[in-house]
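Load the model and keep the selection panel open. The stops below are given in the order in which to select them.

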Amino acid sequence: MAIDTLSPQPPSKPEPVIADPSRRNPARWLVVATPYLWLLLFFAAPFIIIFKISLSDTAIAMPPYTPVFEGFGKFGEFFSQLDFENYEFLASDSLYIKSYLNSLRIAAISTFLLLLVGYPMALAMARAKTSLRPILVMMVILPFWTSFLIRVYAWIGILKPEGLLTLLFQTVGLLGEGEQVQIFRTDYAVFIGIVYSYLPFMVLPLYAALEKMDHTLLEAASDLGCPPWKAFWRITFPLSLPGVIAGSLICFIPITGEFVIPDLLGGADTLMIGKTLWTEFFSSRDWPLASSIAVILLGVLVIPIVYFQNQQQKAG
Amino acid sequence: MAKSLGPVKRKFSPWTDPASVPFIRFENITKKFGNFTAVDNLTLDIYEREFFALLGPSGCGKTTLMRMLAGFEEPTEGRILLQGKDLAGVPPYRRPTNMMFQSYALFPHMTVEKNIAFGLEQDKLPKGEIEARVQEMLKLVKLEQFAKRKPSQLSGGQRQRVALARSLAKRPKVLLLDEPLGALDKKLREETQFELTDLQHTLGLTFLIVTHDQEEAMTVSDRIAVMDKGVIMQVATPAEIYEAPNSRYVADFIGDINIIEGNVVSNQGAATGGVMLDCDGLKIVVDQECPASTGDRVAFAIRPEKVRLNIDPPTETAVNAGAGEVYDIGYLGDFSLFLVKLDDGRIVRAAQANIQRLVDRPLTFGDRVWVNWSRDAGLVLTR
């Protein structure tokens, strides 16, 4: 080091050795480790069990599959009995592929409808008076105060042919005496139920993204000659994209595996993978096949999500 | 660093020429927000190529006035004319004004280049022309190598330059600057102030700046309007505002000043004996034309740098002079501010330029001193 003659420096003292607090403090590790431990225990471990069952064969026994792990002594024998037979079966029977594709189709359409309904709501909330916003957020969350199942049952009462919707339409004269709304037990009813049930999950991330947007950006756009409708597509929408992606993922994933809504509101021909899985598990008692359906479902959902996350990280 | 200066500036004063037509005209403008009157029946003319400053404390209505010109607010009463055309009902995106926002309002998802091009794209200019104009702007604000960066990857000073380039790219008839330098540190601010005046001069545009910083207003502008509570107190050049404020409010708002209340003893005009005041025993004579008549309560205002400070008594001690002791000293480097407590208890502020390089100044706390001033140093204010 060059000696600085201008500013006299005190003789250098040996620097005190301060240990990195993160290495000394085990509590720090505990905080980091807890969520990982949780995931290991309640996600990774059950998944490994499910995966193992998916490689087994069905059996009339308790549990209804073989082989059963009987200790490391018979490990070789146990291992040799595992195979991909169930997956081959899934690929050969078009019912399952159709179920997957239809689930993805319904999830995609529903997510699009949710965006269509949720975006204007979130935008209106974000533009509302500051004092009004907490009340509007509260109102979006309010349906959670009653059971999900009850709310879906309530839709049966509304949508069934002799239900409230028919009554309303007859009263205002849109339908004549004896005519009925015929959407219960169709895909339309499923879409209505899904959009209704998942709306808060779409609105809240959108609202969070839109609410923190700086309003002067729109003034700047207008000042530079951009009319409001154009400014929406050039400024507001691109800046809300993280919210759009978050909301879409939060809705798309569970809708793909949705069971209750298609079961209660959909028709017999509303094929969704959640329903198929339930049938295999409880009606056919084919645990290995049901497990392999679940494993494939996970793959179908995880791969696009990981891709999305990667893209977002690159963009950010 | 060698700096290229713009063309030599020439004296510019269209407002003194009765034949010149104002470029922007605020005509009896009133703006109310509910019960609150932000701007109160205000009339103001701004001329082409002028660098005009709206100066006042926060809440005085200066920003509201600018936002009305930009089109973000509509006046409750009155009209705004730009080149003789009424702007009422014209939305912001159709006005030939561009604004540099206090927060800069840069689009965070666009690169520097895209930000600057935004306004030009709205005009549907051909691609090549947009590109050329963006390059020209980048060069103007010296940010060529930052074209592909996002605003979040720039420093505060660089963002300010992008905001300036973006607002200038469309060559607006009027550039509006809303506290443009507020977020910069002092050194950068001073540098930018001079760059702004150079730029305005080179481009030949009309600039309207809103600021609460009197130093900034004085450095950059041709004329300043000092505002308070929605009305204009005085419109004049920086020198006039400083040397000849028309009211106690303006005198007090701009710079440092001593204000001494007193009664008019006689008023004989500037050439024949001036205005004589009796300020509770302190006799003051000012050579000034003044509308006050004998017996009126007025204020005598004098800047600290115009107050002389001496250890020895001056030749004339009966008027414009007082004895006292040094009560406090503010050492500011280039000059020192002395607070002198006169024998009648009054505090007078006197500034002395530190023209000698001394660490220990001869005057110190408690020293007996005399203050005095010449008959043309101060000003009688009737408002």
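Start at Leu176(B). Leaving aside neighbours within four places in sequence, Leu176(B) is in contact with Met66(B), Leu69(B), Ala70(B), Thr97(B), Asn98(B), Met99(B), Met100(B) and Leu208(B); two residues are in contact if their C-beta atoms, placed from the backbone, lie within 7 Å. This is a predicted model, in which local features need pLDDT of at least 70 and side-chain atom pairs count only at pLDDT 80 or more, while totals for chains, interfaces and linings use all residues. Residues are numbered from 1 along each chain as its sequence is written, and chains are lettered from A and ligands numbered from 1 in the order in which they are written.

Now show both chains. Their contact takes 14 residues from chain A and 16 residues from chain B. On the chain B side, β6 (97–100) and α2 (112–122) each supply at least two residues, and the largest share, three residues, comes from α2(B). Helices (H or I, at least four residues) and strands (E, at least two) are DSSP runs, numbered from the N terminus.

Colour chain B by domain. The assignment, automatic or from a database, gives domain 1 (14–248) and domain 2 (257–381). Their C-alpha centres lie 39 Å apart.

Strands β12 (residues 275–279) and β13 (residues 282–286) run antiparallel and are joined by five bridges; two strands pair if DSSP finds at least two bridges between them. Leu277(B) has Ile284(B) as its bridge partner. The two strands form a hairpin with two residues between them, and Asp280(B) in the turn has a positive phi of about 50 degrees.

Finish at the open sheet of five strands in chain B, ordered β15-β19-β16-β17-β18 with antiparallel pairing. β15 (308–310) and β18 (347–353) of chain B each have a single partner strand, so one side of each is left without a neighbour in the sheet. Zoom in on β15(B), which pairs with β19 (residues 368–372) of chain B over three bridges. There, Asn310(B) has Trp370(B) as its bridge partner.
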